[in-house]
Amino acid sequence: MSGSYDDSVGVEVSSDSFWEVGNYKRTVKRIDDGHRLCNDLMNCIHERARIEKVYAQQLTEWAKRWKQLVEKGPQYGTVERAWCAFMSEAEKVSELHLEVKGSLMNEDFEKIKNWQKEAFHKQMMGGFKETKEAEDGFRKAQKPWAKKLKEVEGAKKAYHAACKEEKLAISRETNSKADPALNPEQLKKLQDKVERSKQDVLKTKEKYEKSLKELDNATPQYMENMEQVFEQCQQFEEKRLRFFREVLLEVQKHLDLSNVASYKNIYRELEQNIKTADAIEDLRWFRANQGPGMSMNWPQFEEWSADLNRTLSRREKKKASDGVTLTGINQTGDQVSQPNKHSSLSVPSNTMQSVQSSYNPFEDEEDTGSTVSEKEDNKMKNVSSCEKNQSYPTDWSDEESNNPFSSTDANGDTNPFDEDTSPAMEVRVRALYDYEGQEQDELSFKAGDELTKMENEDEQGWCKGRLDNGQVGLYPANYVEPIQ
């Protein structure tokens with residue numbers, strides 16, 4: 001036996017069997033272990049929930065950072081959209097992992113906590129009520145049998161001692177017969193002792209056999225009582241095992257995103273976005289918007305003409321506004337479509353004073369006999385971009401000292417005509433009628449086409465807008481209507 005009975009019977013341990021006195025304590029300890037295992041499982045789930053939360057946060061931060069890098073980087077077209085699809089996937093997966101974290105803590109963790117509270121009842125003196133009930137049950141079932149076992153062990157010990165004494169007496173008697181110096185009276189005493197030891201052996205043997213028989217008779221009842229208490233412990237443990245199995249299945253369902261329909265849709269959509277990337281289409285777009293496909297006003301011979309009414313009226317129309325309209329500025333980044341020589345940018349008049357003091361590109365051209373277009377042709381600038389929305393001045397212009405569009409104004413400060421300093425509210429509109437542009441700075445469209453209005457209507461009834469292909473120009477305000 002591995003243990004001893006609490007009543008200190010002093011029984012030797014002979015085996016590790018459950019039926020040995022005191023060995024029921026392993027079954028009792030299992031109840032305490034069940035409570036500790038509930039805590040362990042809650043800690044396990046809590047740590048996993050924390051991992052899910054950290055992973056979701058890292059996905060969100062990663063997606064935000066790389067989305068900005070890709071959008072500001074040189075990648076363009078369908079491949080850019082496919083690349084950005086990974087960031088969208090990360091944001092959606094992050095939301096799902098936050099839901100997993102919530103399910104683990106709000107459902108699984110709380111479920112274990114509540115079950116543990118209902119299954120285990122703490123006592124004022126420490127320990128659990130269920131543990132004490134099992135301990136008392138086993139002790140009560142084992143006590144009668146343990147008492148008889150003690151008697152058996154005592155009878156066995158007495159019997160074995162009598163046998164030993166008998167053997168010693170016989171040995172002495174045998175040795176005395178060979179001793180001629182021993183008188184008959186002494187020999188008689190040795191013979192009487194042998195006889196008494198034989199009688200003691202018989203008596204102790206009979207008592208030993210009797211106590212062993214009584215123990216055998218009590219064993220069935222002992223086993224029945226122990227079985228009954230053990231089954232109660234088994235039923236309690238079965239509830240815990242079944243509950244753990246149920247909780248683990250719930251945790252598995254919460255962790256297994258492969259069975260979540262929205263999770264499958266995320267990667268189905270990601271695959272579709274990647275497959276839509278078309279290298280040929282991107283190359284075609286770049287050729288048309290950044291390469292040889294761009295339109296160009298090649299220099300041509302122009303006869304002098306006294307009929308400048310339309311050009312001058314347009315110039316007067318633009319001067320009628322409160323600000324000053326600059327022409328010949330190319331759009332950069334995604335807005336670049338075709339470099340229209342007459343695309344315009346309105347700037348308040350007060351921002352032009354420092355530049356106008358030294359040189360005014362918009363003063364009346366009648367003194368020199370050149371048209372507005374000719375003046376603008378001398379001030380055109382090309383802009384190249386390796387990063388979206390980042391422009392660089394060209395190095396070949398020989399009029400840089402008088403160029404009102406250089407990176408610094410007359411005072412050496414930042415360019416007051418930078419588009420970022422005066423953002424306009426853009427509105428989507430739809431064409432009501434066909435319109436064919438009459439000049440280079442006018443847009444052409446068909447009825448039903450959609451475009452973006454970049455500036456409100458001026459006093460002459462013209463608006464500035466941008467077509468979906470990126471072309472920027474003017475159009476009659478009454479030719480379009482806002483898209484509801």
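**Group meeting: a walk through the chain**

Hi everyone, let me start with a cysteine: Cys 463 is buried, with its relative accessible area at 4%. Cys 233 counts as buried too, at 6% relative accessibility. Before I go on, please keep in mind that this is a predicted model.

How many disulfides does the structure hold? The count is zero. As a reminder, a disulfide is a covalent bond that links the sulfur atoms of two cysteines.

Now, the chain as a whole. It has 484 residues, and 35% of them count as buried. The accessible surface is about 30,700 Å², with 50% of that belonging to carbon and sulfur atoms. If we take the contacts between residues at least 6 apart in sequence, 67% of them join residues at least 24 apart.

On to secondary structure: the chain contains nine helices and seven strands. Five strands come together in an open sheet, and their order is 6-5-4-3-7, with antiparallel pairing.

Strand 7 pairs with strand 3, residues 427-431, in the antiparallel sense, and three bridges connect the two. If you want a residue pair to find on screen, look for Arg 430, which stands opposite Glu 481 in strand 7.

Thanks, everyone, and I'm happy to take questions!

Key
Residues are numbered from 1 along each chain as its sequence is written. This is a predicted model: local features need pLDDT of at least 70, side-chain atom pairs count only at pLDDT 80 or more; totals for chains, interfaces and linings use all residues. Side-chain values use heavy atoms; hydrogens and water are left out. Two strands pair if DSSP finds at least two bridges between them. Helices (H or I, at least four residues) and strands (E, at least two) are DSSP runs, numbered from the N terminus. Buried means under 20% relative accessible area, exposed over 50%, partly exposed in between (1.4 Å probe, protein chains only). Contact means heavy atoms within 4.5 Å. Accessible areas come from the Shrake-Rupley method with a 1.4 Å probe; for residues, only the protein chains shown count as cover. A disulfide is a pair of cysteine sulfur atoms within 2.5 Å.
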